[in-house]
Amino acid sequence: MAFVEIDGLVKRYGSLSIFEGFDLHMENADRLVLIGPSGCGKSTLLRCMMGLEDIAGGTIRLGGDDYIQGATDGRMTLDRRVQKEVGMVFQHYTLFPHLSVLGNLCLAPVRSRGVKKSEARDKAMGLLERFGLAERANFYPSQLSGGQKQRVAIARALMLDPKLMLFDEVTSALDPELVVEVENTMMELAEGGMPMMIVTHDMHFARSIATKVVFQERGKVIEAAAPDDLFGNPQQERTRDFLRNVLHIEG
Amino acid sequence: MNYEFDWFYVKKGFPQLIEGLWLTLELTLWANVIGLVLGFLVAIGMLSKIKAIVWPLTAYIEFFRCTPALIQLVWFFFCIPILFNVWWSAEFMGILALGLNLAAFNAEAYRAAIQAIPHAHTDASTALGLNVFQRIIHVILPQALILSLPVLITNGIGIFQQSALVALISVEDLMYQGRYISTQTFRPIETLTTVALIYFAVSFPVSQAVTLIERRTKRLLAN
């Protein structure tokens, strides 16, 4: 039994089919990085796992429990525990602009978990200190840089003690000089042993953080391997083409 | 013009005008309470996908936006008692008509604001495990309020001015008192000018504040 088990996932947008029976397993100790051309369903996969998309078929299991089961009539079964046990960070507009940094961190624990305000606050301050953001606690998102916003968003997800973290192109919208601070924060989490699934276009980062890289194209896993193998010695022609293209563009 | 100003009666009647002003403010307050709460609920309903909810709400909004406030007020005052066999005070009818009118306008302001909130916030709050009510209360409502605040205040102060219409159904508001004093004393210029200035004195600072608030909310919600 793997930690994350996605079996037979079917996802369609109207007549557009993203997945027709997609399988992916992930172990507890893994940091899985998803790469592949735009539109191949990497982000959609994370969104499906979080229960943000209706899936037409398949099962998503976490720690052996069924969390999401697709149904063709649009009435998928969703165990809302998934949203309590999995944390997710998005590309854009992740922070609530009407709340301070501290307010953003404490919202979910206090309002949806019934954690005491003072407890949530202490925990939030601890996380902010760890990320070097303590002096920003009372700032509003509009007063933060893009990199700081994303780090706060990571801290906010960690407030709920997730068993798994999903990162959906979290550095894609950032200015290049701000990317590193966010990637460092993710590296620090990785070193702490947090299981992660990461969608990124940054191949160097993918190589350094991943325990396993999955190359995905047109809704299928083409190749999955340890980063050194996948980047150093890709087995599939399509993987080689893709890497040649992106690494060439990246220079 | 050979007119001699005489402010004696205005001075004498001033406490009466202030009393009228208090009633006007009270009507404004309650109409705004209805307008702010009901307006939000209507806006949420308007965003629903269920046509049986959207159509009646659309009819309500368009009715109140496309008929004069005066006819709404008079209609409530004269027709509701006959249709429903209820006898409510003129003040209550005034508040009800003004409140429903304001709610219709506020609903549109809220709706525009809600639609301006990035959809990603819904995803982010869902991913944090907030249920639909927690999302509405803690994520959507506060942002919609902040975004639409300038329009809500403008609408609210508009109702303060529109409330002068209740004088026509014998609610003893500022307008009513002013008209009363001016006809009793034959001093319309002094009295009605004073009344106008009182309305102005309340409205003007508020409308100035709106500009300031607008600047601040834009800065806060800049992404």
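A crossing of two helices is left-handed if the near helix is turned anticlockwise from the far one by less than a right angle, and right-handed if clockwise. Keep that in mind for chain B. One caution before we start: this is a predicted model.

Let's take the helix pair. Helix 4 of chain B, residues 90-116, packs against helix 6 of chain B. The angle is about 150 degrees, and the axes are 8 Å apart. Angles over 145 degrees count as roughly antiparallel. Helix 4 and helix 6 of chain B are therefore roughly antiparallel to each other. Which hand does the crossing of these two helices have, left or right? The crossing of helix 4 and helix 6 of chain B is right-handed.

Now the residues that make this contact. From helix 4 of chain B they include B:Leu98, B:Leu102, B:Phe105 and B:Tyr110. From helix 6 of chain B they include B:Ile140, B:Leu147, B:Val151 and B:Ile159. How many charged residues take part in the contact of helix 4 with helix 6 of chain B? There are no charged residues. The contact has 14 nonpolar and four polar residues. Among the contact residues are B:Asn106 from helix 4 and B:Ser148 from helix 6 of chain B.

Next, the interface. Here 21 residues of chain B are in contact with 19 residues of chain A. Which elements of chain B give two or more residues to the side that touches chain A? They are helix 5 (120-127), helix 6 (132-162) and helix 8 (188-221) of chain B. So much for position; now composition. The side of chain B that touches chain A has 12 nonpolar residues, seven polar and two charged.

Over to chain A, and its five-stranded sheet. This sheet is open, with the strand order 2-1-4-5-6 and antiparallel pairing. Its edges are strand 2 (16-26) and strand 6 (77-78) of chain A, each pairing on one side only.

Walk across it with me. Strand 1 of chain A, residues 4-13, is joined to strand 2 by eight bridges. In that pair, A:Val10 has A:Glu20 as its bridge partner. Helix 1 of chain A, residues 42-49, packs on this sheet and touches strand 1, strand 2 and strand 4. The direction of helix 1 makes about 110 degrees with that of strand 1 of chain A.

Strand 1 of chain A is also joined to strand 4, by five bridges. There A:Glu5 stands opposite A:Arg61. On strand 5 of chain A, A:Asp66 stands opposite A:Arg61. Strand 4 and strand 5 (residues 65-69) of chain A run antiparallel, with four bridges between them. What do strand 4 and strand 5 of chain A form? They form a hairpin, with two residues between the strands. In the turn, A:Gly63 has a positive phi of about 60 degrees.

Last stop: the six-stranded sheet of chain A. It is open too, with the order 7-8-9-3-10-11, and its pairing is mixed. The edge strands are strand 7 (86-89) and strand 11 (220-225) of chain A. The twist averages 20 degrees from one strand to the next.

Strand 7 and strand 8 (residues 164-168) of chain A pair in the parallel sense, over four bridges. The bridge partner of A:Val89 is A:Phe167 in strand 8 of chain A. Helix 5 of chain A, residues 146-158, lies across strand 7 and strand 8. This helix runs at about 170 degrees to strand 7 of chain A.

Key
Residues are numbered from 1 along each chain as its sequence is written. Chains are lettered from A and ligands numbered from 1 in the order in which they are written. This is a predicted model: local features need pLDDT of at least 70, side-chain atom pairs count only at pLDDT 80 or more; totals for chains, interfaces and linings use all residues. Two residues are in contact if their C-beta atoms, placed from the backbone, lie within 7 Å. Ala, Val, Leu, Ile, Met, Phe, Trp, Tyr, Cys and Pro count as nonpolar, Asp, Glu, Lys and Arg as charged, and the others, Gly among them, as polar. Two strands pair if DSSP finds at least two bridges between them. Axes are lines fitted to C-alpha atoms, for helices over the stretch in contact, and angles run from 0 to 180 degrees between N-to-C directions. Angles under 35 degrees count as roughly parallel, over 145 as roughly antiparallel, 65 to 115 as roughly perpendicular and the rest as oblique.
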